[in-house]
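Here is a short briefing on one chain. Look at the sequence and the model first, then read the points below.

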Amino acid sequence: QVQLVESGGGLVQAGGSLTLSCAASGRTFSNYAMGWFRQAPGKERAFVAAITWSSRSTNYADSVKGRFTISRDNAKNTVYLQMNNLKPEDTAVYYCAADASGGYYPSPLRNKYEKWGQGTQVTVSS
């Protein structure tokens, strides 16, 4: 069993940068694929990025390619989302998620992830 806690959200101006962190506890963390999703008010939770346990494969939503970078440090039990050139449409609650069966493929599908963090708010002013 793994527990996830996101941090690093806040208020930034358009064009700014922000880095989110997801701290995990659990003996099997290194074998989980990890993903980031986001949800704006009145919208469905949408895929942002994912990474395999080995960091050999990543997956990004088209809307964030070239701007966001997902990475992980298994020794620190932490996953990161570096966000550059932020836009107002990036405003959302960002969630970290763990996929115990996705060690070899970073899935973009919500129902593939079995554990979720509580979320952290990112607000980008126009």
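Buried means under 20% relative accessible area, exposed means over 50%, and partly exposed is in between, with a 1.4 Å probe and protein chains only. Gly15 has a relative accessible area of 45%, so Gly15 is partly exposed. This is a predicted model: local features need pLDDT of at least 70, side-chain atom pairs count only at pLDDT 80 or more, and totals for chains, interfaces and linings use all residues. Residues are numbered from 1 along each chain as its sequence is written, and side-chain values use heavy atoms, with hydrogens and water left out.

**Fold and overall dimensions**

- The chain has zero helices and eleven strands. Helices (H or I, at least four residues) and strands (E, at least two) are DSSP runs, numbered from the N terminus.
- Along the sequence the pattern reads β-β-β-β-β-β-β-β-β-β-β.
- The radius of gyration is 13 Å, close to the 14 Å that the globule rule gives for 126 residues, so the chain is as compact as a globular protein of that length. That radius is taken over C-alpha atoms, and the rule is 2.2 Å times the number of residues to the power 0.38.
- The C-alpha trace spans about 40 × 25 × 25 Å along its principal axes.

**Burial, contacts and charge**

- Of the 126 residues in the chain, 41% are buried.
- Contact means heavy atoms within 4.5 Å. Among contacts between residues at least 6 apart in sequence, 60% join residues at least 24 apart.
- The chain exposes about 6,400 Å², and carbon and sulfur atoms supply 47% of it. Accessible areas come from the Shrake-Rupley method with a 1.4 Å probe; for residues, only the protein chains shown count as cover.
- There are 13 positive and 8 negative side chains, and the centres of the two sets lie 3 Å apart. Lys and Arg count as positive and Asp and Glu as negative; His and the chain ends are not counted. Each charge is placed at NZ of Lys, CZ of Arg, CG of Asp or CD of Glu.

**Disulfide**

- A disulfide is a pair of cysteine sulfur atoms within 2.5 Å. The count by this rule is one.
- Cys22 and Cys96 form it, with their sulfur atoms 2.2 Å apart.
- The pair links distant parts of the chain: Cys22 is in strand 3 and Cys96 in strand 9 (residues 92–99), 74 residues apart.
- The torsion about the S-S bond of Cys22 and Cys96 is about -85 degrees, so the disulfide is left-handed.
- Both Cys22 and Cys96 are buried.

**Loops and positive phi**

- Gly15 sits in the loop between strand 2 (10–13) and strand 3 (18–25). Leaving aside neighbours within four places in sequence, Gly15 contacts Asn85 and Leu86.
- Most residues other than glycine have a negative phi.
- Ser55 is not a glycine, yet has a positive phi of about 65 degrees. Ser55 lies in the loop between strand 5 (46–51) and strand 6 (58–60). Its relative accessibility is 34%, so Ser55 counts as partly exposed.
- Asn77, also not a glycine, has a positive phi of about 55 degrees. Its loop runs between strand 7 (68–73) and strand 8 (78–83). Asn77 is partly exposed, at 27% relative accessible area.

**Start of the chain**

- Gln1 is in the segment before strand 1 (3–7). At 66% relative accessibility, Gln1 counts as exposed.
- Not counting residues up to four places away in sequence, Gln1 touches Ser25, Gly26 and Lys115.
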